[in-house]
Amino acid sequence: MPRSEKIWLTLSFGIIMGFMLIVGYQAFALELGPPSHKETIDPQKVDETAPFDNPGVFQTGDNEYEVVMVLQAFSYTPHEIEVPAGAKVTFTLTTKDVIHGFQIARTNVNAMVVPGHIQKITQTFKEPGEYLVLCNEYCGIGHQIMGTTITVK
Amino acid sequence: MTTVNVGASERSLKQKVEQALGVVAEDAKLSKSYMTVAFIALLIGGFLGLFQGLERAGLIQLPSWFTYYQVLTAHGILLVLVLTAFFTIGYFYAGLSQVLGGILPHVRRMAWIGFWLKIVGFVCAVIPIIMNDATVMFTFYPPMAASPLFYIGLALIVIGVWMCAFGAFINVATWRKQNPGKQIPIFAFFATGVFVLLFFGSIGVTIEVIMLIFWSAGILETINVMVSRTLFWSFGHTLVNIWYLTAVSAWYTIVPKIIGGRRFSDTLTRVVVILLVITNIPGGFHHQIVDPGMGEALKYMHVFMSLAIGFPSLMTAYAMFSVFERTGRLKGGKGLLGWFKKLPWGDVRFLAPFIAMAAFAPAGAGGIAQTTNQLNQVVHNTLWVVGHFHLTVGTSVVLTFFGISYWLIPHISKRVLTPQMNRIGIIQTIIWTVGMLFMSGAMHYVGLLGSPRRTSYTTYGDHAVALGWDPYMILLAIGGTLLIVGVIIQVYAVFNMMFFAPKGKTEFPIAETEEEPQGKKPALWADRWGLWIVLMLLVVSMGYVIPLVDMIVNAPPGSPPIRTW
């Protein structure tokens, strides 16, 4: 193996390991890991199961909120959410029918919402504005209209 | 008595001539049939892609009897399954016929049975798509339920592919028995790797599809959605990596011959194949990085398993440029980059795969980015991902396939590539490259801005963010329009070379290896496929046993079939 190849492969290996270290540091030390909530629910009994029997926005602390949200073809409940700027918002999500996506455009909020599972994701909204929430997993004929907004004041 | 003898010797003479001409007529017919289906799929799938691009940009509206989502489902199946599978099998069987001294008669029969199983399966899958009874995309995530016929079709396609895989194994094994102490020819080595992955990679999805048949037919009441999704992705990403490995086989074995050089170290080439086979299957897990129901530690391990596939690709990058430099210098290229000018840029058989390789640099980097946890979260299910696989599959793989077609089609048709056709090929390659730059570039960027994939034209009630995507959608549509021009030229070129080009001999160009040090023994250990398969299965178990057991043991109540279209 020529010397240049050894250098190249060492660099390649180093880059991959560097990626691993950074990803691991971010995921476990900075708690920036991907949404990975492990809690299940009967997908046919969402409306009767707490907390999804009462979806809505709830204040849980000093400028901390929980949004309990039910997804179904082709809407989000509650629709139209309003929180103050700087609020730390935890979204607790499940779906009544097929797989849906929960993405807030121009943020890093992006999660799959799978029937039978409860998904959680947290975001601090620093900038005021009207954020676009959209479904990014094909869910049927009205998939393109499945969206809502979060108003941060 | 004499006449019979003459007849027999004439026949054997005919066979010898065929051998010398480099193609066995019956094997050529098999490959030609596979190629014909592949390029018809490209033509239809290409037009469906154009319609989507134009609809996505808001320029046309698809009719209610053939919706955007039906078009998208058909486009995916035609291009990521039919074009690629038929091309790959036709190409490898043509090469196996070449390097193993012909396809065995019973293997040829298996390949034909596989051919018809795939065709019947494809027809079964397409009927419900056209009837709007299977508008579920080629990923068919439950609990969206298509007609059972759709899943039966998919199962038949898989069995058809398995027939070809087993055929290839039998042919290679027979050759080894007849040639003790010899290395498997490098091209057959690549073919073995590809068919090993095709078989083992599709076992998970086959289990899923069989469950879905019963579930959609009402025999099973509910389905475990996460298990289905996980089984699907154990196959989904392996599949695209198989098409990539097919392209890589041409980069290592064919391209050096076309530029008049020798191929890269035989041993290291085999190591790359082995690594790609062993590490491949768990790589698909990164499609589930933002899924619920599995912990962060598991997802982190899978980042490593996905990134591991990057290493053999980086080895390949070195190998390719090493071959190019050496060949360019032998041809008199001087200085730091003089060798680069000596490469045959006017030869489509080189230009197309070269651009394909070059495209893999950004495509692979993008892949490494989106396979890592946090970065994946930024782009998951956005148009970025669509841009990514149009650069990997749509450019690195497909442009290599196009480049192959300019010698493979003449080879199996006993015709030649004319200078005019070469020129057409160069133009086609440039159009394809520019089209993909527009389309894939726009998709990557607008994906970063949040535009979702698999979504027909929408402004989400004229939301400012969504309106900001529109200019990029126009670029996407321009790219798509250029690409359909490329498709038409390519399909014309293939059928012209198959039926109308001047008759003659075209070789199947496999390069000789670079000179090995004196007295170095061939790396026979590399041919121990049993061992590589065991290692592969160990890696698969590492990746999948824990999450699958967890998903089954801690499963929520399942989901009934649902139709939302």
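Reader: Hi! From the N terminus on, how do the elements of chain A run?

Author: Hello! In this predicted model they go α-β-β-β-β-β-β-β-β-β-β-β, with 1 helix and 11 strands in chain A. Helices (H or I, at least four residues) and strands (E, at least two) are DSSP runs, numbered from the N terminus.

Reader: Is chain A a compact globule or more spread out?

Author: More spread out, because its radius of gyration is 19 Å, well over the 15 Å that the globule rule gives for 153 residues. That radius is taken over C-alpha atoms, and the rule is 2.2 Å times the number of residues to the power 0.38. Along the principal axes, the C-alpha atoms of chain A fill a box of roughly 65 × 35 × 30 Å.

Reader: Into which domains is chain A divided?

Author: Domain 1 covers 1–33 and domain 2 covers 39–152; such bounds come from an automatic or database domain assignment. The centres of the two, taken over C-alpha atoms, are separated by 35 Å.

Reader: Nice. Which strands does β10 of chain A join?

Author: Strand β7 (residues 100–104) is joined to β10 (residues 129–134) by 2 bridges, and they run antiparallel. Strand β11 (residues 147–152) is also antiparallel to β10, with 6 bridges. Two strands pair if DSSP finds at least two bridges between them.

Reader: What stands opposite A:I104, and what stands opposite A:L132?

Author: A:V133 in β10(A) is opposite A:I104, and A:T149 in β11(A) is opposite A:L132.

Reader: Switching topic: how many residues of chain B are in contact with chain A?

Author: 55 residues of chain B, touching 54 residues of chain A. Contact here has C-beta atoms, placed from the backbone, within 7 Å. On the chain B side, the largest share, 6 residues, comes from α11(B).

Reader: How do the residues on that side divide into nonpolar, polar and charged?

Author: There are 30 nonpolar, 20 polar and 5 charged. Ala, Val, Leu, Ile, Met, Phe, Trp, Tyr, Cys and Pro count as nonpolar, Asp, Glu, Lys and Arg as charged, and the others, Gly among them, as polar.

Reader: And what ipTM does the predictor give the complex?

Author: An ipTM of 0.94, along with a pTM of 0.94. Local features need pLDDT of at least 70, side-chain atom pairs count only at pLDDT 80 or more, and totals for chains, interfaces and linings use all residues. Residues are numbered from 1 along each chain as its sequence is written, while chains are lettered from A and ligands numbered from 1 in the order in which they are written.

Terms used:
Contact = placed C-beta atoms within 7 Å.
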